[in-house]
Each structure stands twice: as C-alpha cells, then as structure tokens.
Amino acid sequence: MNNSSCGIGSYLNLCASSKTVLLAPGLILNLFVLVSLTSSLCGRWSQIKRNVAAFILGSTLCNLVNLAFWPFTIHWKAHGRWLLGEDLCEVMVKTKQVSGSASFHYVSFISFSVYLTVVCGQGRLVDSGAFLVLQLLLPFVPVLIKEICQWAIEGHVEHLDHNELTCFSYINDQAMMILLLLKLVVFIPLNLYFYIHILFTIFRSAKQMHRSQTDNKKLAKIFSVISLITLTAHIPGGVLSLMEEHTVCQEAVKEFLMDLPLLSSPIVLLCTNKELRTRLLNLLMHKMNMYRSSHSTSGTCSMKTQNEQEETCDSQTSAPEVKASHIRPIQVAVLNKPSHCSQVFDQRTAAYLCASGIGCHGDETC
C-alpha cells in the first residue's frame with residue numbers, strides 16, 4: 001500500500017466528510033421507500049406483489065444497516081485512529097460488503113422477475129414461495145464462498161492494521177475485487193439486457209395488437225433513466241476497485257463511489273414502482289395539507305377578538321331552526337366558501353379535518 005502521496009489523515013478527511021454529507025440524504029431516501037412500502041402493504045387495495053415487496057424491503061433494510069455503520073468511520077476521523085477493536089472492524093467491513101452486494105441484487109431481481117413474467121411467461125415460478133426464498137438467499141452465497149476460499153487457500157484477510165490502527169475495507173482484499181469484477185462484467189450487463197428485452201417484447205406485442213405506443217414510450221424513458229443511474233452509481237467505483245496500485249487516497253475515493261448505490265437504489269425503486277411513488281406523494285401532500293390547515297386555522301383564530309367570538313356564539317344560538325332536508329345543501333355551501341376550509345384535499349386529509357372539528361360538521365358530510 002503506497003502512502004507516500006496521501007496519508008491516513010487525508011483519507012479520514014475525505015472519507016468521513018463524504019459520509020457526513022451523504023448520511024442524511026441516504027437515510028431520508030431509504031426511509032421514504034420504507035414508509036411508502038409500509039403504507040402500501042397496510043392499505044386495502046395494495047397492488048405490489050409479494051416478491052417485489054420482499055425485494056424492496058430487503059434492499060432498503062440492507063441500505064439502512066450499511067448506513068448504521070457510517071458513524072464508526074466518523075468516530076475514526078474524530079480520534080485519528082481506529083479505537084473500536086479488531087472484531088468491530090471486521091463486523092463493519094463484512095456488513096458493508098454483504099449489505100452492498102445484497103442491495104444491488106435485490107434491485108436487480110425485480111427486473112429479473114418482470115423478465116420471467118413478461119418475456120418467458122413464467123409467472124407461476126415467479127410467484128412461488130420456494131423461488132422467492134432462493135432469490136432472497138442468493139446474494140449471500142458469493143460472500144460465503146469468498147470467506148471459505150480465503151480461509152482454505154490464503155487465510156483470513158485482516159482489515160485492521162495493528163501498527164497504524166486503520167480499518168480499510170478494500171485494500172489487500174483480492175477476493176472482494178473478484179466479486180466486483182463479476183458485478184461489472186456479468187450482473188450489470190445482464191440487468192441492462194433484461195430492460196432491453198422487456199421493452200422489445202412490450203413494443204412488439206403492442207404493434208401486433210395495433211395498440212398505442214404512448215405508454216410504452218414512457219416506460220422506455222423510465223428504463224433509460226434507471227439504466228443511466230445504475231451505470232453512474234456502480235461503474236466508476238467498480239473500475240477504480242480493480243486498479244492494481246492501491247493508495248490511501250484511492251481508498252477514500254473508492255469508499256465515496258461505493259457509497260453512491262445507497263442513494264441510487266431507493267431512487268431506482270421509486271422509478272420502477274408506480275404505487276411506491278403514488279404512496280410517497282400522497283403522504284407528502286397529506287403532511288403539507290395538515291401543516292397548511294393548522295397554520296391557517298391558528299392564524300384565523302389569533303385575529304379574532306373575544307367580543308367577536310361572543311357575537312359569533314350569540315348569533316349561532318339565536319339562529320332559527322332549519323329543516324333536516326336543508327342541512328346538507330347548507331353544509332356544502334359552507335364548504336364552498338372562499339375561506340381556509342375551501343381548499344381541495346384528498347380523502348385522508350378531509351377525514352383528518354373532520355376528526356379535528358375544522359371545516360365541516362356532521363357524519364354525513366365527513
């Protein structure tokens with residue numbers, strides 16, 4: 001390991017700073033996907049298949065577990081040395097390698113399932129429980145083989161340097177370079193092939209049935225964006241990891257590039273699944289509407305004086321009785337007034353306003 005041009009301090013400054021910057025966006029994006037998936041599965045009309053939901057959940061949990069170890073690198077930077085022991089160093093490195101590999105494969109298995117269903121017509125195989133379990137366990141097989149080969153042939157690779165007290169993830173780990181090479185040469189091109197073949201099959205079917213290609217063109221744009229994101233997130237880090245000469249600065253840049261999939265995989269999941277996007281937008285709009293309604297209500301109440309409130313109460317108690325048949329039109333007219341209650345909300349926000357006593361009254365209107 002050549003440290004003449006770049007020292008440990010430079011690595012810590014570059015690596016820990018990049019993790020500090022990427023930690024918040026990575027957590028937010030993955031939590032968005034997790035909350036959207038939970039909302040969809042708990043809904044009455046969830047359209048996400050069991051295998052797709054399992055892959056989304058597996059990829060997101062792997063990313064969150066990986067992000068949970070980032071504070072250790074920040075702690076390393078704060079003290080200048082690795083002070084957390086050899087066992088925790090090995091746990092951090094192994095978790096990072098396993099979770100990164102599993103997250104990528106789970107995202108790829110979604111397109112593989114679509115390929116088997118649309119192109120090969122193997123929908124029953126895709127929906128079977130045994131095939132789902134096999135796919136969930138498959139990403140851990142290469143890492144297990146790597147560990148067995150290291151113990152049997154070369155011996156266990158120690159990532160902790162006892163002299164300089166450093167804990168690097170990729171330096172001197174030749175088996176990890178082989179796994180990265182397989183991902184670059186086999187799995188990423190295979191994933192792109194799935195997208196191309198799926199699009200070709202859909203376009204050909206629409207042409208034979210004389211259907212419009214408008215939706216297919218939109219799907220092609222989505223697949224193009226997904227392919228571009230995948231290549232941008234995985235190719236640079238994989239190529240840099242295959243370089244023969246390893247320096248500490250290269251390790252820092254490599255760490256940054258290998259962390260990019262933690263941000264790209266939730267974006268890809270949101271692009272591939274329409275229901276996730278819809279659930280996320282509904283949740284965000286719901287929170288925004290609640291925030292706006294609470295602020296508009298508090299602003300309206302703060303402008304009223306005590307005398308005005310008493311006059312309002314007197315006028316309401318002295319109002320003449322209204323027939324039951326005229327209650328609904330009057331309530332509709334009140335809701336249509338140009339006030340803070342006249343905003344258009346979705347069904348959940350309207351139910352929240354009715355439960356809070358803002359805007360409407362009566363069970364029928366709610």
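Reader: In which helix of the chain is confidence lowest, and in which is it highest?

Author: Good place to start, since this is a predicted model. Confidence is lowest in helix 15 (residues 347–356), at a mean pLDDT of 34, and highest in helix 2 (residues 50–68), at 92. For the chain, the mean pLDDT is 74, and 71% of the residues reach 70 or more.

Reader: Over which residues does pLDDT stay under 50?

Author: That is the case over residues 315–366, for which the model has 35 contacts beyond four places in sequence. Where pLDDT is low, the predicted coordinates should not be read in detail.

Reader: Why is Ile178 called exposed?

Author: Exposed means over 50% relative accessible area. Ile178 has 52% relative accessibility, so Ile178 counts as exposed. You will find Ile178 in helix 8 (residues 174–208). Together with Leu181, Leu182, Val185, Val186 and Phe187, Ile178 forms a nonpolar patch on the surface, with about 500 Å² of accessible area in total.

Reader: What makes the pair of Tyr115 and Phe194 tilted?

Author: Their ring centres are 4.8 Å apart and their planes stand at 35 degrees, so this pair is tilted. The pair links distant parts of the chain, with Tyr115 in helix 4 and Phe194 in helix 8, 79 residues apart. Both Tyr115 and Phe194 are buried. Ring pairs also link Phe112, Tyr115, Phe131, Tyr193 and Phe194 into a cluster.

Reader: How do you know that Arg279 and Glu275 meet in a salt bridge?

Author: The limit is 4 Å between the side-chain nitrogen and the carboxyl oxygen. For Arg279 and Glu275 the N to O distance is 3.9 Å, so they form a salt bridge. Both residues lie in helix 12 (residues 274–303), four residues apart, about one turn of the helix. Arg279 and Glu275 are both buried.

Note on methods. Residues numbered from 1 in each chain as written. Predicted model: local features only at pLDDT ≥ 70, side-chain atom pairs only at ≥ 80, totals over all residues. Heavy atoms only, no water. pLDDT = per-residue confidence, 0-100. Helix = DSSP H or I, 4+ residues; strand = E, 2+ residues; numbered from the N terminus. Contact = heavy atoms within 4.5 Å. Patch = residues over 30% accessible without salt bridge, like charges linked within 9 Å, V, L, I, M, F, W, Y side chains within 5 Å. Areas by Shrake-Rupley, 256 points an atom, 1.4 Å probe, with all protein chains shown as cover. Buried < 20%, exposed > 50% of the residue type's maximum accessible area, 1.4 Å probe, protein only. Phe/Tyr/Trp six-rings, centres within 6.5 Å; stacked < 30°, edge-to-face > 60°.
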